[in-house]
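Sequence and structure come first.

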Amino acid sequence: MTTRTERYGDHIFSHTRADERARLTALAEVLDPISLDALAAPASGPVRRCLELAAGTGSVARRMLDLFPTAHVTATEVDLRFLDAICEDRLEILHHDVTADGFPDGSFDVIHARYLLHHLPTREETFGRIVRWLAPGGRLIIEEPALFSLEAARDETYRRVSLGALRVLAERLGTDCTHWGLDLPRTATAKGLTDITLRTTVPTVTHDSPMGRFWRLTLAHLAPEIERLPGVLPDDTPTVLDRLARPGLVEMGMATVTLTAAKPARAS
Ligand SMILES: C[S@@+](CC[C@H](N)C(=O)[O-])C[C@H]1O[C@@H](n2cnc3c(N)ncnc32)[C@H](O)[C@@H]1O
């Protein structure tokens, strides 16, 4: 059973933190090209209504406007701080908690959510709700992290601290970076989706790569909690943060699993 002591954004990864916009911008730099590839795949029908869930800084929602030039795009978030200044024709920004707020069944032709569900203890049920919001013939794109590449990292200290960060998230938020991402095809099949494809990407971590910046900001934020974990040595976290700030370390970053799936045209 998943337990947690707080929700995403209560303390951990709050959008009020000075570095949070930079952290999410670095993540977008790593993942936007992958998300856009998935979104650009030919659609089975016209795309008139798109949903970007948990839009963060809004980078994908804005690109949806270019990819689907006649579509109405809805971008949702529980914290609108990084979206407030965005004002575009055809883009609606909505305060919306994916676990509690709904949309009518069949509302969207394309739905995208990135790095959201693994943080939510009700991820499986929420996935089912999202599938209902998809129109028959519509396309779902879900992108989630997976930690196997960190388990395989050659640098022992980097590996210990990186896996420690994910243990902190599991204990505090109920985050699952172990099974959820890799199980997405099974979850999608169980919810009746078809035409499933899976792309897995493992970006490089160096001091100046986008994944390196994202990971250094993530580890720096979680450092006090990582240092308290059994098995993590007192110098481990400062050592890794220092090595991530200078040329030298070249390692695998966290993997991202990109699932695309379709809702059968005649589904009820
Ligand atoms: C790791 S960030 C990813 C942001 C964006 N999807 C991206 O990949 O660039 C997770 C985002 O989910 C939002 N979030 C967390 N819980 C949410 C919920 N229950 N409903 C909607 N958004 C949520 C957070 O505010 C945060 O912006």
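Buried means under 20% relative accessible area, exposed over 50%, and partly exposed in between (1.4 Å probe, protein chains only). This is a predicted model, where local features need pLDDT of at least 70, side-chain atom pairs count only at pLDDT 80 or more, and totals for chains, interfaces and linings use all residues. Residues are numbered from 1 along each chain as its sequence is written, and side-chain values use heavy atoms, without hydrogens and water.

**Salt bridges**

The structure holds 17 salt bridges (a side-chain nitrogen of Lys or Arg within 4 Å of a carboxyl oxygen of Asp or Glu). Among them are these:

| Pair | N to O distance |
|---|---|
| D32 and R114 | 2.8 Å |
| D109 and R49 | 2.9 Å |
| R172 and E225 | 2.9 Å |

D32 sits in helix α1 and R114 in strand β4, 82 residues apart. Both D32 and R114 are buried. D109 counts as buried because its relative accessibility is 14%. R49 is partly exposed at 32%. R172 lies in helix α5 and E225 in helix α7, so the pair ties together parts 53 residues apart in sequence. E225 is partly exposed, at 24%. A network of salt bridges links E6, R172, E225 and R228.

**Helix pair**

Helix α7 (residues 210-227) packs on helix α8 (residues 236-244) at about 170°, with axes 10 Å apart. Axes are lines fitted to C-alpha atoms, for helices over the stretch in contact, and angles run from 0 to 180 degrees between N-to-C directions. That makes α7 roughly antiparallel to α8 (over 145 degrees).

Key. Helix = DSSP H or I, 4+ residues; strand = E, 2+ residues; numbered from the N terminus. Parallel < 35°, antiparallel > 145°, perpendicular 65-115°, else oblique.
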